[in-house]
Amino acid sequence: MFRFKQKIEIVYGYTFAALINFESGEYFSIPNLLLKSFVSNLNNEVETKNHPIFDFLTRKKLIFQTDLKNIKKNQTVDISKPNYLNNAVIRARDKVMTDINSIICLGVETFFIVIDSETDIISLNCKLAKQHIKSIYFINYLIEYDTLKEIININQNIICVYIVIKDSKEDFAIDGVPISYVNSKFEDQIFDLTVNEFNFAITEQNYYESKKVNSYFYKNIYVDKNGFINNTPNLNGIDININSFNNIQEFITVILSSEFTKYWFIPKSEIQVCKDCEFNRICVDKRIPIVNGKESYYKSECNYNPYIAKWKGDIAYLSLLECGIEFIDGEGYRFDRKKIKKQIKEIWGF
Ligand code: SF4
């Protein structure tokens with residue numbers, strides 16, 4: 001008999017399913033009907049081998065043959081961490097080290113440091129070395145080799161460094177720590193509001209976490225150029241400066257407040273349209289949900305239409321409205337299921 005490999009998860013959407021491979025960081029889209037019929041035949045070797053997607057799944061090394069009926073799945077991935085925050089996006093300024101020092105004791109492991117000018121880095125460089133940082137993204141700044149080496153040599157916790165600049169260069173490593181150049185598109189991913197395939201975070205952490213929380217907002221902090229904090233760069237409303245806290249407890253009180261955590265616990269499964277999307281466990285979406293009772297919604301449309309499984313720009317792409325899904329301001333989306341069915345049939349023939 002055949003089985004899916006342990007690091008494979010399947011998420012069924014409205015029309016298509018996503019086969020997520022955590023080992024390779026890839027995903028594959030397969031029509032629900034096709035995948036479901038394959039899954040139900042897994043115990044029958046002949047049926048499995050004759051199935052239209054068997055060759056594809058074998059070639060992609062997603063399935064394997066075994067005599068064991070039950071394969072132990074990776075159900076116990078523990079995503080809980082005893083930290084208040086996971087990621088910090090900081091627009092560097094003179095006092096950037098003070099900001100980092102204040103935030104670091106809240107458990108942040110990944111810093112996105114946006115360098116807007118040469119002067120910023122003067123206060124930043126080697127002082128970073130003494131922190132417990134796992135990943136650093138230097139955005140807009142081509143940090144010098146020697147400085148980087150010093151930071152890495154002193155800080156044993158660093159496992160990767162990314163340099164986000166316009167023109168890509170060849171990646172290298174310093175003492176086993178990979179230094180990767182990332183296209184400046186990456187900055188758009190942090191700050192802009194559009195959803196595209198590049199915003200998919202194919203990690204087990206994200207997959208399990210996204211069941212209960214909104215991956216974009218959860219445990220993140222943004223510090224702007226003047227030191228004002230917010231949950232993320234695209235939110236307003238918390239008019240508090242990072243320097244105004246007298247002690248760590250005051251800081252913790254703010255980041256655990258209902259205002260700061262407003263969007264943390266709105267998973268995609270509770271947001272209209274996204275809840276029908278096969279990518280909702282790997283998609284990191286910067287749009288702000290409008291809270292509307294049990295089911296929230298986004299005002300703007302994503303670049304992917306999960307009902308017909310088409311991205312904007314694909315042949316036969318249709319907007320939600322063209323598929324019979326009408327947006328009503330203040331209410332959310334209204335679904336014309338007959339029209340959706342008709343459009344799916346016209347595009348995919350099932
Ligand atoms: S519909 Fe929602 S979950 Fe799907 S790709 Fe768009 S934003 Fe992500």
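In which loop is the place of Thr232? The legends below answer this and then turn to further close-up views of the model, which is predicted.

**Figure 1. Thr232 and its surroundings.** Thr232 sits in the loop that links β13 (228-230) with β14 (240-241). Thr232 has 17 C-beta neighbours inside 10 Å and therefore counts as partly exposed, since that class lies between the limits of 12 or fewer for exposed residues and 20 or more for buried ones. Leaving aside neighbours within four places in sequence, the contacts of Thr232 are Tyr216, Phe217, Asn220 and Tyr222. The C-alpha atoms of Thr232 and Ile221 are 5.7 Å apart in space, while the two residues are 11 residues apart in sequence.

**Figure 2. The chain as a whole.** The chain holds 10 helices and 18 strands. Of its 350 residues, 29% are buried. Among contacts in the chain with a separation of 6 or more, 55% join residues 24 or more positions apart.

**Figure 3. The open sheet β2-β3-β4.** Three strands form an open sheet in the order β2-β3-β4, with antiparallel pairing. β2 (8-12) and β4 stand at the edges with a single partner strand each, so one side of each has no neighbour in the sheet. From one strand to the next, the twist averages 20°. Helix α1 (residues 32-40) packs on this sheet and touches β2, β3 and β4. The direction of α1 makes about 95° with that of β4.

**Figure 4. Pairing of β2 with β3.** The antiparallel strands β2 and β3 are joined by five bridges. These two strands form a hairpin, with three residues between them. Val11 has Ala18 in β3 as its bridge partner.

**Figure 5. Pairing of β3 with β4.** Strand β3 (residues 16-21) and strand β4 (residues 26-31) run antiparallel and are joined by six bridges. Ala17 has Ile30 in β4 as its bridge partner, and Leu19 stands opposite Phe28 in β4. The hairpin of β3 and β4 has four residues between the strands. In this hairpin, Gly25 takes a positive phi near 75°.

**Figure 6. Strand β6 and its two parallel partners.** Strand β6 (residues 87-91) is mostly covered, with four of its five residues buried. β6 runs parallel to strand β7 (residues 110-114), and five bridges join the two. Within this pairing, Arg91 stands opposite Val114 in β7. β6 also pairs in the parallel sense with strand β12 (residues 220-223), over four bridges. There, Val89 has Tyr222 in β12 as its bridge partner. In a regular strand, side chains alternate between the two faces of the sheet.

**Figure 7. The largest nonpolar core.** The largest nonpolar core comprises 28 residues. Ala88, Ile90, Phe111, Phe112, Ile113, Ile221 and Val223 are those that touch the most other members. At least two residues of this core come from each of β6, α4 (96-104), β7, α6 (145-154), β9 (160-165), β12 and α9 (248-255). β7 gives the most, with four residues. Ala88 touches Ile103, Val108, Phe111, Phe112, Ile221 and Val223, not counting residues up to four places away in sequence. A second, separate core has 27 residues, including Phe38, Cys277, Ile282 and Tyr298. In soluble globular proteins, nonpolar side chains tend to be buried together.

**Figure 8. The shell around the ligand.** The ligand is surrounded by 12 residues. The closest are Cys274, Cys277, Cys283, Cys302 and Tyr304. By class, the shell divides into nine nonpolar residues, one polar and two charged.

**Figure 9. Lys299 in its loop.** Lys299 lies in the loop between α9 and β15 (304-305). Lys299 is exposed because 11 other C-beta atoms lie within 10 Å, and a residue counts as exposed at 12 or fewer. Lys299 and Arg287 are 12 residues apart in sequence, and their C-alpha atoms are 8.4 Å apart in space.

Conventions
Residues numbered from 1 in each chain as written. Predicted model: local features only at pLDDT ≥ 70, side-chain atom pairs only at ≥ 80, totals over all residues. Near = placed C-beta within 6 Å. Nonpolar A, V, L, I, M, F, W, Y, C, P; charged D, E, K, R; others polar. Contact = placed C-beta atoms within 7 Å. Pairing = 2+ DSSP bridges. Core = buried A, V, L, I, M, F, W, Y, C linked by C-beta atoms within 7 Å. Axes fitted to C-alpha atoms, helices over the stretch in contact; angles between N-to-C directions.
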